[in-house]
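Let us read this model one feature at a time.

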Amino acid sequence: RVQASRCPARKQDCVPIMASSKLLVQAVEMCKKSPALARQMRPLMVKKRYPTKKTAILATLSDSSSTPEVGSADGASMAPGMTQPSKDLAKATGTTQLKVSGGVFSRLFSRQVSAGSALGTPDTSVGEKRVCVIGGGPSGLAVLRAFKSAQQKGAEIPEIACYEKQATSGGLWNYTHRTGLDAMGEPLHNSMYRHLWSNGPKECLEFADYSFEEHFRHPIPSFPPREVLLDYMQGRIKKSGVEPWISFNSSVRDCSFDKGSGQFRVRVNQKDGAELEEHFDWVICATGHFSTPNIPDFEGLDSFTGRVLHAHDFRDAEQFTGKDILIIGTSYSAEDIASQCYKYGVNSVKLSWRTQPMGFSWPENFRTVPLLQNVKGRTCYFKDGSSADVDAIILCTGYQHSFPFMRPDLRLQTKNRLVPDSLHEGVVWQQNPQLFYLGMQDQWLTFNMFDAQAWYARDVILGRISVPERASMEKQWAADRAAEEKIEATDEANIRFQADYVRRLIEQTDYPMFDIEGVVQTFLEWEHNKHENIMTFRDKAHRSVMTGTMAPVHHTPWLHCLDDSIEDYVHKNRKPESHIAPVVPFPDKVPDGLHGQHEEPEFNPAVHLQLESPAWLKVLMGRDGNLDVSTSFPAQEHLSNGRPFPGLAYSAPFRILSDEGVRVFRQIIAANEQYAHSFERTPKLLRGLAYRSKFMRDFLYSDFVLAHMEKMSRTPMSPHGVLMHGNQVNFGEAGPGDKMVDGWHLDSVPYVLVVSLSGPDEFQGGELEIARYSSTDEVIERLQKKEVPAGALLTDKVQQPGAGYATFIQGSQIAHGVAPVTSGSRISMVNSYSSRDVFAQDMTSYTLSSGQDPDHVHPADFARHMAWRVQGQMDHLLNGNFWGKTDQVVKVLDEASKQLNATKSLISGQTTDVKPY
């Protein structure tokens, strides 16, 4: 047979070819009309299959231009391009062969062939094997991506055939208005409803090999609507080029296993009524377990005069505007459907629980009640004796694992739990390791867990992972189940259990390992936010563990946002003239003379960091001119007065280093203090530790530190491109006069993290002093006249409580300095950072550091920073939508060329820039 799934060109022209000369001629005519189709089909058709004791069907398609236009249909004649085994089979069984212009398409319709016939020994190489994937949703697509990844790395892979009953990929994430049955008369797979947004952070399900930023070209908020997530999922598949492996509108009706041949027989019904029967060496069931409703019965429910439906059939919360509804269950669907109905104006909601209530602070028109006992008319009676009249009852009572297309000896039967029954490593069917089930767990992690499972199943098939004997598998499963039953009945314990499972799978494959602990922490933040306010948790932002980017907050709070489109959620959240570049890369080679000269430990965030939240964040001046405005950590998109977050001014002191971290920092500084020098603004400083010390560099680039600062500034962070600024150390010592440790100035870098490495018992004085003015221009003018802090509208002093504490400040906007040390000595480290938005304002000064840094380092250091910005701007132009926007194209090119020319002039000495103090 020729299937649509095996022909990547003109699928609509591909029809099942049965043992019929008429259909065969039709197929040949299609190839005659479309040379491209013929070329696409040829390499698929020449693959030889020799299944012993089975009907042998071989096909070849040759591009021989010398072939006569019409040839004999003699059963024993040989077509050009036929292999000797094909010829032998033709003689032994009889064939039908057609010669056509432009090539030969031969179809061999054989009789039963017994073992030892001309077919010979079956080919057992991986490339001659076949894999059936049932389902083209998140789990099935993960399988296709896994095999494609192996193929791209040079591995030979088996033939993949994926059957999806819907018209498009995406599985459950497709929406339809239908309920009950689909267009083919099949039980409907979908449980999606209009206006659905993700109820968990996208950062917890992000693919490790395809980030949201890569797909959408800029950061998006953390709780995307259904359409956005579907687009993301399908985008990876389109990029991988595996869609031709999928047969759409194809429903698997029966899957059985023949022990004699060691193969599965799979029967598939297609939309046009055709029925296919195929044989496979492996089967991967990836149909999910959220499509067969679990429907309990209650006394009197049949006589209820309102509407009764399961969450599977819920399609639109607007149907319940002004209604009184009862929701039975405490699952995710219960909390989300209740919230959706509230958003769209339900009159009242009763939440009925069996084991325990959900525990959220619901709105005033919600009421939590114990389990429903019986129904009379429209009155519902509950276990505590209370009652309520309702217009609709929505059963959010979960789903069953249902696989009616699998024969009983292959059919998974399990409850919804973290360790499902009968599956080795949660994936391999213990009774037959040629069968796999993906995505069958109770789920915290989703898309990336399906990836981990898909990579594992793939590697079993490719022979990279050896599956133990059944007894060993069952023993390991029993140990896993026992471990599951011992975990605490808390969300955190369940999340960590599944996180450990995902980590274990990834460690056995080449799937990219990611910060799984970071995902756990994001889940815990999400849980906290939900219990704080179930109606506003979607307004929070989370950091991607894949890219390090803090998500923006959606422009409209979820409760008031009635537009779920990609245009509104993705495109309208893109800042005009904004592009988030990757973190500035560290150079391949450290400049001469700046190599480390002593041994030092490896930087370990778990040992050397002690990240705590600042008590407050001061913001830049608002519209009312008020400079003394604080907000809480983490910074939100809007202040308490409803105005947009204007940008960080500086933070309260917060702990960042552990005592061990402080000790190592001081040890490294002492080993490099010989390279310190004086500067017109600073009596003693040490620069370039980012080059001299890998420990210091790893701290500078730490994802944990970057994420912490992003929560204060609300912008993605990178170490500043001029890496000589990285890990600068200032020394303050008591002496004659009142020389400041660091004079009044604006930084030429956007942000600085000032870390104290001395305790209060080691020195007196040395406070961080801040002067606030109405504008940056006024600050610069007063700095040039040496009038700061005179005339300041607001002054402040920040003293660190001890060693290991820090303050984060937008130093390019806020005048600041460090007061003189009156006794003892003070050591502080200043790390420089910039926004990864390459269109953000940049005031980096070439002249400022040209007199401090080595001549063979500074020009290239500065040029690398500017090259990073311009490259990001060109990436924006390359990947953005600029069709018909010539003026914007010119603007981007003009700004980039100005920056490059200015950099060239500064480095060549043709011009100088102004020091920011």
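Q: Which residue in strand 8 is the bridge partner of Ser250?
A: Strands of a sheet pair through backbone hydrogen bonds, either parallel or antiparallel. Here the partner of Ser250 is Gln270, in strand 8. Strands (E, at least two residues) and helices (H or I, at least four) are DSSP runs, numbered from the N terminus.

Q: What should I know about the model before going on?
A: It is a predicted model: local features need pLDDT of at least 70, side-chain atom pairs count only at pLDDT 80 or more, and totals for chains, interfaces and linings use all residues. Residues are numbered from 1 along each chain as its sequence is written, and side-chain values use heavy atoms, with hydrogens and water left out.

Q: In what sense do strand 7 and strand 8 pair, and over how many bridges?
A: Antiparallel, over eight bridges; strand 8 covers residues 263–270. Two strands count as paired if DSSP finds at least two bridges between them.

Q: What is the order of the strands in the open sheet?
A: The order is 7-8-9, three strands with antiparallel pairing. Strand 7 (250–258) and strand 9 (275–280) are the edges, each pairing on one side only. Neighbouring strands are turned by 20° against each other on average, direction ignored.

Q: Why does the length of helix 4 agree with expectation?
A: The expected span is 1.5 Å times one less than the number of residues. Helix 4 (residues 138–152) has 15 residues, so it should span 21 Å, and its end C-alpha atoms are 21 Å apart.

Q: Is helix 4 mostly covered or uncovered?
A: Mostly covered: 13 of its 15 residues are buried. Buried means under 20% relative accessible area (1.4 Å probe, protein chains only). After helix 4 comes Gly154, with a positive phi near 100°.

Q: At what angle do helix 4 and helix 6 pack?
A: Two packed helices are described by the angle between their axes and the distance between the axes. Axes are lines fitted to C-alpha atoms over the stretch in contact, and angles run from 0 to 180 degrees between N-to-C directions. Helix 4 and helix 6 (residues 226–240) pack at about 30°, axes 10 Å apart. They are therefore roughly parallel (angles under 35 degrees).

Q: Which residues of helix 4 and helix 6 make the contact?
A: Contact means heavy atoms within 4.5 Å. Helix 4 gives Pro138, Leu141, Ala142, Arg145, Lys148 and Gln152. Helix 6 gives Met233, Arg236, Ile237 and Ser240.

Technical notes. Buried means under 20% relative accessible area, exposed over 50%, partly exposed in between (1.4 Å probe, protein chains only). Angles under 35 degrees count as roughly parallel, over 145 as roughly antiparallel, 65 to 115 as roughly perpendicular and the rest as oblique.
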